[in-house]
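Here is a colleague's note to read alongside the model. Please keep the structure open as you go through the points.

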Amino acid sequence: ACAASAAAGQASPVGKAIQLLSDLQAKVVREGEEAQKVYASFAEWCEDNSKQLSYELKTGKAEVADLQAVIAQESSTVQSLQARLEQLAADLATDEADLKAAQHIRTTEAANFAASEKELVE
């Protein structure tokens with residue numbers, strides 16, 4: 001009789017409602033555990049990504065500082081080379097003027113020598 005009443009209790013609407021609630025509770029717990037796993041995975045990805053971006057940002061800032069130092073150094077080199085180029089251009093102009101003057105002197109001396117030699121030959 002007791003087994004029959006237990007079987008009847010399970011088939012009763014209250015028993016069915018309790019069974020549905022138990023099944024629903026199990027389903028909600030299972031979905032919650034799955035959601036927790038997804039959340040944990042996403043949180044880990046976010047943390048890893050955050051660390052990576054932080055590292056890249058730090059590295060990028062250091063690289064910017066290094067490149068700014070290189071730019072400053074190369075700018076200084078450019079300025080010194082421009083000054084050297086201007087000096088060489090001035091030296092070249094002076095040398096060309098000296099060459100022109102020397103050629104003029106040489107031409108004059110050659111003409112004088114030729115005239116003197118002509119007089120001596122005659």
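1. A word on terms before we start: a residue is called buried under 20% relative accessible area and exposed over 50%, with partly exposed in between. Glu-47, at 46% relative accessibility, therefore counts as partly exposed. Please bear in mind that this is a predicted model.

2. Lys-51 has a relative accessible area of 52% and is exposed, whereas Glu-47 is partly exposed. With the line between the two classes drawn at 50%, Lys-51 counts as exposed because its 52% is over that value.

3. Next, the aromatic side chains. How many aromatic pairs does a search of the whole structure find? The search finds one. Phe-42 and Trp-45 make up this pair, which is stacked, with 5.9 Å from centre to centre and 25° between the planes. The label "stacked" applies because planes under 30 degrees apart count as such. Phe-42 and Trp-45 are three residues apart, about one turn, and both belong to helix H2, which spans residues 13–121. Trp-45 is exposed, at a relative accessible area of 51%.

4. Do have a look at the nonpolar patch on the surface, formed by Leu-21, Leu-24 and Val-28. Together these residues have about 300 Å² of accessible area. Leu-24 is found in helix H2, and its relative accessible area of 47% makes this leucine partly exposed.

5. Which residues form the negative surface patch? They are Asp-91, Asp-95, Glu-96 and Asp-98. Asp-91 is in helix H2 and, at 32% relative accessibility, is partly exposed. Patch members need over 30% relative accessible area, so Asp-91 passes that cut-off with its 32%.

Conventions
Residues numbered from 1 in each chain as written. Predicted model: local features only at pLDDT ≥ 70, side-chain atom pairs only at ≥ 80, totals over all residues. Heavy atoms only, no water. Phe/Tyr/Trp six-rings, centres within 6.5 Å; stacked < 30°, edge-to-face > 60°. Helix = DSSP H or I, 4+ residues; strand = E, 2+ residues; numbered from the N terminus. Buried < 20%, exposed > 50% of the residue type's maximum accessible area, 1.4 Å probe, protein only. Patch = residues over 30% accessible without salt bridge, like charges linked within 9 Å, V, L, I, M, F, W, Y side chains within 5 Å. Areas by Shrake-Rupley, 256 points an atom, 1.4 Å probe, with all protein chains shown as cover. Salt bridge = Lys/Arg side-chain N within 4 Å of Asp/Glu carboxyl O. Lys, Arg positive; Asp, Glu negative; His and termini not counted. Charge placed at Lys NZ, Arg CZ, Asp CG, Glu CD.
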